[in-house]
Amino acid sequence: MLCAMKAIVYRQYGGPEVVERTQAGRPEPAPDELLIRTSAVGLNPVDVMQRNGIFKALDPYTFPKVAGNELSGTVEKVGSAVTSFAVGDEVVARVGVSGLGAFADFVAVRADWVAKAPRELSLVNAAGLPLAGLTAQQALGADHLAVGKGDRLLITGASGGVGLIAVQLAKLAGAHVTVTASEKGESLVREAGADAVINYTQRSVAEGGERFDKVFDLVGGDQVAELFQSVEAGGSVVSVSGAPTPGSLESTAAPKRRLLAKIASRLGSVSIRRAAKQAGVHYEFFLMRPDGAGLADLVRLVDDGKLRLTVDTVYPLDEYRAAFEHLESRRAKGKIVIDWS
């Protein structure tokens, strides 16, 4: 660690009071990394979970911990083994799930987790693309839901950053897309391409009698098991908010805690897996992974005018506490971004 830089850190696990803007050591890139000068960072619900210590049994932090999962910026330095980027390139990246570190003046990131930034977005707004975009892309892709032409897809909680991208990707894949959203979010999901909207403040999905082949769940909670009633036998429910299933947490756990992760995910999902089996439905929880190639595919869609990123609010760095408050209000429609300049 060399020199000093501004950073937003967690002093310990806890509420908003543990978040602090301070000085941290500037990293140096490893041979396979890029050093990125940060232009903006995106906020996500997982930031709150990480701060609160939801994952501490699996991967405990050493404090102070530089926070943050995604960023946009300019390449400041290139690792000796990297040939695909050059100093001055404008880029976007999703950093490591365990390492974090995006909320800082400079961030060292594996080059294969980085993509050139979209030409059609400002560098500030582009910071909101990596995590939401990759989550939607991977959930709908071949390894999980494999959404394709003619599929009847339900996306729950679709007016947030992930949901709005997922609607667009599903439509590009040829699916018929139904979403759940509030009245305030309906116009956004309609603009994204949703074919039908269920107002969750007025009724549950099951009460409407609709049938779906596949579900992408962004809400979690007790409603996940209820969704099985609306899925055709042999269909699938993939969630980023429900109970973790076996195999979903091991890769994010510290090496000495992977057995614990395996046991916890197996025991914690017994009831929901049982309910899914009884309904003849496949249920799976997943965590997205950093992927520069996948991110580059999303960038191409943006630049081709086929994918639009919805940014709810951009906050200046001095108002980072307000940005976190907005995130935790759960009222954002689209992404929340902090302009680091």
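Mentor: Helix α8 (residues 258–268) contributes the most to the nonpolar patch, namely three residues; helices (H or I, at least four residues) and strands (E, at least two) are DSSP runs numbered from the N terminus. The model is predicted, so local features need pLDDT of at least 70 and side-chain atom pairs pLDDT 80 or more, whereas totals for chains, interfaces and linings use all residues. Residues are numbered from 1 along each chain as its sequence is written, and side-chain values use heavy atoms, without hydrogens or water.

The patch covers about 370 Å² and is made by Leu259, Ile263, Leu267 and Val270 (nonpolar side chains joined within 5 Å, each residue with over 30% relative accessible area and no salt bridge). Val270 belongs to helix α9 (residues 270–279) and, at 31% relative accessibility, is partly exposed (buried is under 20%, exposed over 50%, partly exposed in between; 1.4 Å probe, protein chains only).

Elsewhere, Tyr13, Tyr61 and Phe63 form one aromatic cluster (ring centres within 6.5 Å; planes under 30 degrees apart are stacked, over 60 edge-to-face, the rest tilted). The Tyr13 and Phe63 rings have centres 4.8 Å apart and planes at 90°, and are therefore edge-to-face. Because Tyr13 lies in the loop between β1 (2–10) and β2 (19–26), and Phe63 in the loop between α1 (45–52) and β4 (65–66), this pair ties together parts that are 50 residues apart in sequence. Tyr61 and Phe63 are also edge-to-face, with centres 6.3 Å apart and planes at 80°. Phe63 is partly exposed at 29% relative accessibility, whereas Tyr61 is buried at 12%.

How values were computed. Rings of Phe, Tyr and Trp (its six-membered ring) pair if their centres lie within 6.5 Å; planes under 30 degrees apart count as stacked, over 60 as edge-to-face and the rest as tilted. Patches are made of residues with over 30% relative accessible area and no salt bridge: like charges are joined within 9 Å, nonpolar side chains (Val, Leu, Ile, Met, Phe, Trp, Tyr) within 5 Å. Accessible areas come from the Shrake-Rupley method with a 1.4 Å probe; for residues, only the protein chains shown count as cover. A salt bridge is a side-chain nitrogen of Lys or Arg within 4 Å of a carboxyl oxygen of Asp or Glu.
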